[in-house]
Amino acid sequence: MKHFLIVLFLLIVPLSAAASKVALVIGNAEYSAVARLDNPHNDARDVAQALARQGFDVIAATDLTRNEMRDALRDFRQRADAAEMALVYYAGHGIEVGGRNYLIPVDARLEDARDAELEMVDLDLVLGQISGAGKLRMVVLDACRNNPFVTRMQSSTGGRSVSSGLGRVETAQSDTLIAYAAAAGGITPDGVAGENSPFTTAFLAAMQEPPTDVRRLLGRVRDKMRKSVPDAAPFVYALLGGGEFVINPNSDRAPVQAAPATPGISEDFVRIDRDGTFEDWNEFLVRYQDQADHPLYAFALEKREALREADAYFTPATDPEESSEIAALPEQEGESRTLVIVPVQSILSRDEAARRLQRLLGDAGCYRGAIDGIIGRGSKAAIDRFIEQSGVDVPRDPGTSEDALKEALARVEENPDVDCPAPVVVRHTPPRTTPKPPKPEPLVQDPAPRTSPRQPALPDGSIEPRRTKLLPEAGTNLAECRGNRAKFYQCP
């Protein structure tokens, strides 16, 4: 059995100074118990070179036995522990037995399903050896080929399922990505002899494209692989956070353009905004008339109007009823140029026209409300004031139709010198009333002595003192007491 080891790692670099990205690439093709595979050697060589160009320190090996695979993983573990990213790329046979995934060394015989743990390398073992990487642990398995070991093991499965492809991954750790050349249980062809497998071909092509997150890169692999294998379905199991994980940072290929780039409204606006002239903005408005509802279109209108008076070459139209205004510009570099100016009101939307009308009325001092595009009572009153000051015939209710609105806007624009006086604010002051003085509190006088009809006044005006009735004395008889009722209070 022939096997060889390619080492692309700088052995003179001490372990403490190991690179931040390391990779182990294995290609198993020369199987002793089944037919040879055509492409794993090419796959391992080309992937190792591609990863080295992207800054990985790579160990590449082919045709490893079970013991050699375990030794390679143990040695690679030390490098992975000191790295930010650790990647294992395997091309060869793989199999799923009893819900566990295995990579098949070249010396495996697999005559019984119970040989799985004894003769193969568990995928969980691979994941464990790269678990020390600081940022990203990644395993790429181009091992979903049609597997001849399956028929050898079907008769003695011992109750455990055996699948030609690899099964789902349930034990992946955080910051780990596992990519299969086919979905769980699926298989893909090995490819043309002497070349690369369809999956590796797509992977190498994606690595040469502009740098991107590894999840998007593998999406490109899927798209490219389906062009050669229509039913192919590469699959990714990822437990990654929200950060960027880029494995092809050194790729410098420019993004592929579907067609020659044509500036859009945003690019043109930025370009013209630097030092654009009245002519530039006018051409912009003509070019993008079909995007008049775009916010940048409204900004371009304002910029063109701001340059209207400052443009030395602008000549007002002689006929305001024309649908467009034409002004000749001086010849530049031997060319005669014509400037076509589109009337503002003909290209504004209804809401924009209403806002512009309110703004112009506000500049004239006729309108003091909010610029909200609502032609209500305040806007109509402003138009009345404008008509009173200018004598111009302006539709008094431009909100009834779009034509009336644009006509009102045109009339106001044609009379920029109108100035409405500030309204006189008359404040209603209620008449001042003199508060009534508070009522004086009545004087407190000593009450007059009460008189009683039984107390007749004496001749000198004084009152006879009240006589005090006495209690009958002991021994007073009833007849005597009752005969003197004026003297006694009570009788026995």
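Me: Which residues of helix H8 are buried?

Reply: In this predicted model, Ile265, Asp268, Phe269 and Ile272 are the buried ones in H8, a helix that runs over residues 265-275.

Me: What makes you put them on the same side of H8?

Reply: The arc they cover around the axis is only 100°, so they sit on the same side of the helix. On the face turned away from that buried side you'll find the exposed residues Arg274 and Asp275.

Me: And what do the buried residues of H8 pack against?

Reply: Two helices: H9 (278-287) and H10 (295-306).

Me: Why is Thr176 called buried?

Reply: Buried means under 20% relative accessible area. Thr176 comes in at 4%, so it counts as buried. Thr176 belongs to strand S10, residues 176-180. Leaving out residues up to four places away in sequence, Thr176 touches Leu127, Arg137, Tyr237, Ala238, Leu239 and Leu240.

Me: How much of the protein chain is buried?

Reply: Buried residues are 41% of the 492 residues. The chain has 15 helices and 13 strands. Of the contacts with a separation of 6 or more, 66% are between residues 24 or more positions apart.

Me: How do you know what kind of residues line the second largest cavity?

Reply: Go through the lining: Ile26, Met69, Leu73, Val88, Tyr90, Leu103 and Val126. Ile, Met, Leu, Val and Tyr all count as nonpolar. That gives seven nonpolar, no polar and no charged residues. Helix H2 (66-81) and strand S4 (85-91) are the elements that give two or more residues to this lining.

Me: Which residues touch the most other members of the largest nonpolar core?

Reply: That core has 80 residues, and Val25, Leu51, Met138, Leu141, Phe203, Leu218 and Ile247 touch the most other members. Take Val25: setting aside neighbours within four places in sequence, its contacts include Ala44, Val47, Leu51, Ile59 and Tyr89. There's also a second, separate core of 20 residues, with Leu357, Ala382, Phe386 and Leu405 among them.

Methods: Residues numbered from 1 in each chain as written. Predicted model: local features only at pLDDT ≥ 70, side-chain atom pairs only at ≥ 80, totals over all residues. Heavy atoms only, no water. Helix = DSSP H or I, 4+ residues; strand = E, 2+ residues; numbered from the N terminus. Buried < 20%, exposed > 50% of the residue type's maximum accessible area, 1.4 Å probe, protein only. Contact = heavy atoms within 4.5 Å. Arc of directions from axis to C-beta. 1 Å grid on protein atoms, 1.4 Å probe; cavity = no way out; pocket = protein on both sides within 12 Å on 5 of 7 lines; lining within 4 Å. Core = buried A, V, L, I, M, F, W, Y, C linked by side-chain atoms within 4.5 Å.
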